[in-house]
Structure formats: C-alpha cells, structure tokens
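Please view the sequence and the model together while reading.

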Amino acid sequence: MRNVICMVLTGLGAFLLIIAVLVRFYVAPRLIAAPTDVYQVTRLQAENATYFDAGHLKQVTGATVVATNTVRGDVTSSQDDIAVWESATVVQDAAQGTTIEIQNQRFAFDRRTGRLTHCCGASVEGDATVRQSGVGLFWPVHATKKAKPVYDPATRRPWPAVFDGSERVHGILTWRFVQHVPATKVPGQKLPDVPGELLGRGKNSPAAAVDRYYQADATFWVDPRTGAPVDQEQKVLSTLQPRTGPGRLVVGQMDLRMTPESQKTLQDKSSDGASKINLLKTAVPIGTAAVGVVLLVSGAFVGGVGGRRPPRNRQRREPLATAH
C-alpha cells in the first residue's frame with residue numbers, strides 16, 4: 001500500500017512541476033496578447049487652441065478643443081496572431097460644437113509585439129495603399145526602455161519614441177517616452193487653392209496652390225508592467241503653406257492632454273492587465289511548482305518509510321545442558 005501511495009504522490013508532483021513550466025513558458029506567452037474585441041473611448045483636451053473654421057472662413061483663437069478617439073476591434077477579421085482595430089478621432093470645438101477634423105484609421109498588428117502589418121484591409125483615411133509600420137495604438141506587452149518606432153497617421157510614417165525617464169502618474173510608476181515629428185508635408189491630400197489674404201499675403205491677393213504640413217511633439221506615459229500607455233500629451237501644429245512664395249495659414253495649433261477620466265480608465269485597465277499577467281507568469285507557476293515539490297517530497301518520505309523493514313526478533317537460544 002505504501003508503494004502505491006508513493007507512486008501516486010510522486011506522479012502528481014512531477015505532473016504539477018511540468019504544468020508549472022508549461023504555464024510559465026508556453027501558456028502565458030500565448031495568452032498575454034492584445035484583445036480582438038476591444039472597445040475603448042479616450043479624450044484629449046486643449047485650452048487656448050487655434051484652428052481654422054473652414055465653414056466660416058475664419059481663424060478661431062482661445063478655443064477649448066476636445067479630441068475624442070474611439071477604438072473598436074474587428075473580431076471577424078482578426079486572427080490568432082493578428083488583431084484588427086478601427087480608430088476614429090473627432091476633433092471638435094467644445095463650446096461651439098464645430099467639428100474641426102475627423103481622422104480614421106484601420107490597422108492590423110501582431111498581438112504580442114504590437115508591430116503593424118499590411119493586411120486585413122488596413123488603411124489610413126480609407127486609403128488601403130498606405131503601408132503602415134512600426135507600433136500603433138497597442139504597444140508591446142514586454143515593456144523595455146528601448147526607443148520604439150511609433151506610427152504617425154498624419155505623416156503616414158513611424159517616428160522614434162525615445163525613453164525620457166520615469167514619472168509617477170496617479171500612483172503608477174511609469175516610463176516616459178517622447179516623440180518628435182518635424183514639420184512634414186502631409187501626403188495623399190488634394191487641397192483647393194487658398195485665397196492669398198488667408199495666407200497673409202494681403203487683400204485681393206490671388207489664390208495659391210497649397211500643401212499641408214504637420215508637426216508634433218508627443219509624450220507617452222507607459223506602465224512598464226503591461227507596456228500600455230496610461231497617459232498622453234500631443235503638441236501639434238498643422239499649417240497650409242503655398243507651394244511658391246511666402247505666407248501660411250494655421251489650421252490647427254493645440255496642446256492636447258488626456259482628460260483625468262480617460263487617464264483613470266486606462267490606468268484601471270492597465271492595472272487589471274498587470275494582475276492577470278502576474279497571475280499567469282508568477283502566481284500560478286510558483287504555486288503549482290510549490291505543490292508539486294511538496295508532493296514529491298511526501299512521496300519520497302512515504303517511500304523511504306515503507307522501504308525500511310523492522311529487524312526480526314531473534315529468540316535467544318539457551319545452550320543445551322551438558323550431561324554429567
């Protein structure tokens with residue numbers, strides 16, 4: 001009976017040790033990935049912003065501007081290793097209700113590395129010929145301080161986001177990354193000629209062909225436990241510049257900062273993700289391995305006790321009496 005118990009305990013202990021290794025090095029890396037059914041709404045707000053009201057052909061200053069970003073996952077188009085998300089950003093004057101701009105992006109990316117890939121109908125402003133690269137809205141799960149090429153849909157190319165130190169944001173110790181997008185001509189836009197007066201060339205100046213230029217300085221605060229950005233700031237400047245001659249028109253100049261409500265949403269989501277990652281990578285493997293070791297030791301103990309046989313009682317024999 002002792003041998004049976006020993007075998008059962010040893011077998012269970014070895015099995016649990018194998019399970020612990022599999023959870024840590026096989027199951028966890030496969031389960032820790034971007035979701036495909038995501039739904040997320042975040043807002044950035046700018047005070048004292050400047051923008052061009054195309055409907056009334058005038059420049060507005062001192063405005064409060066809100067950029068609302070909605071992200072939805074396309075579950076049917078996603079795959080085991082690839083997630084497909086759709087992003088829509090509406091930029092509005094909060095007081096006037098004027099819609100300043102609408103931005104649309106559909107992107108496919110590796111669910112673990114966050115790297116963008118050209119598949120599954122990925123597009124920028126409906127243009128499926130754009131090849132997106134670098135990292136999009138989803139950053140790599142395994143956070144490192146190494147610079148990351150973060151894709152900018154306005155200029156349609158990635159720009160490096162460089163580690164810039166640590167900072168505590170609402171109790172979470174974050175890594176701060178900064179990205180500089182120099183003044184870059186925005187590709188893929190066909191713009192109408194702009195009256196010279198709006199370009200600062202004086203009254204009755206003839207209309208001029210223009211190109212749009214965009215520049216930005218972005219800061220991302222990333223939770224190193226999950227690699228997820230939990231706060232963001234964007235200082236943007238968008239202008240129309242004539243192809244020849246002087247002048248320019250500011251169509252957008254604003255310092256957008258994530259609202260406290262959106263910060264809280266992202267921080268709660270990141271903390272929940274960190275708990276699940278810790279469960280898969282640490283708590284479950286260590287707990288399972290600890291129980292396995294206890295069972296192995298118990299099996300060895302039972303086997304050792306069972307293997308010792310008590311010494312036989314030898315009866316002392318009296319010597320035969322010698323006849324005299």
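Predicted model: local features only at pLDDT ≥ 70, side-chain atom pairs only at ≥ 80, totals over all residues.

Residues are numbered from 1 along each chain as its sequence is written, and side-chain values use heavy atoms, with hydrogens and water left out. The structure holds 13 salt bridges; the term denotes a side-chain nitrogen of Lys or Arg within 4 Å of a carboxyl oxygen of Asp or Glu. Helices (H or I, at least four residues) and strands (E, at least two) are DSSP runs, numbered from the N terminus.

**The network around Arg106**

- A network of salt bridges links Asp74, Glu86 and Arg106.
- Asp74 and Arg106 form a salt bridge through their side chains, with an N to O distance of 3.0 Å. Asp74 lies in the loop between strand E2 (58-73) and strand E3 (82-93), and Arg106 lies in strand E4 (residues 99-110), so the pair ties together parts that are 32 residues apart in sequence.
- Glu86 also forms a salt bridge with Arg106, and the closest N and O atoms are 2.5 Å apart. This pair joins distant parts of the chain, with Glu86 in strand E3 and Arg106 in strand E4, 20 residues apart.
- Arg106 is buried, at a relative accessible area of 13%; buried means under 20% relative accessible area, exposed over 50%, and partly exposed in between (1.4 Å probe, protein chains only).
- Asp74 is likewise buried, with 16% relative accessibility, whereas Glu86 is partly exposed at 38%.

**The pair Asp223 and Arg225**

- The side chains of Asp223 and Arg225 are joined by a salt bridge of 2.8 Å, taken from N to O.
- Asp223 has a relative accessible area of 0% and is buried, while Arg225, at 42% relative accessibility, is partly exposed.

**The surroundings of Glu233**

- Glu233 belongs to strand E11 (residues 228-242) and counts as buried, with 15% relative accessibility.
- When its neighbours within four places in sequence are set aside, Glu233 is in contact with Asp217, Ala218, Thr219, Trp221, Asp255, Leu256 and Arg257; contact means heavy atoms within 4.5 Å.
- Glu233 and Asp255 are 22 residues apart along the chain, and a distance of 7.3 Å separates their C-alpha atoms.
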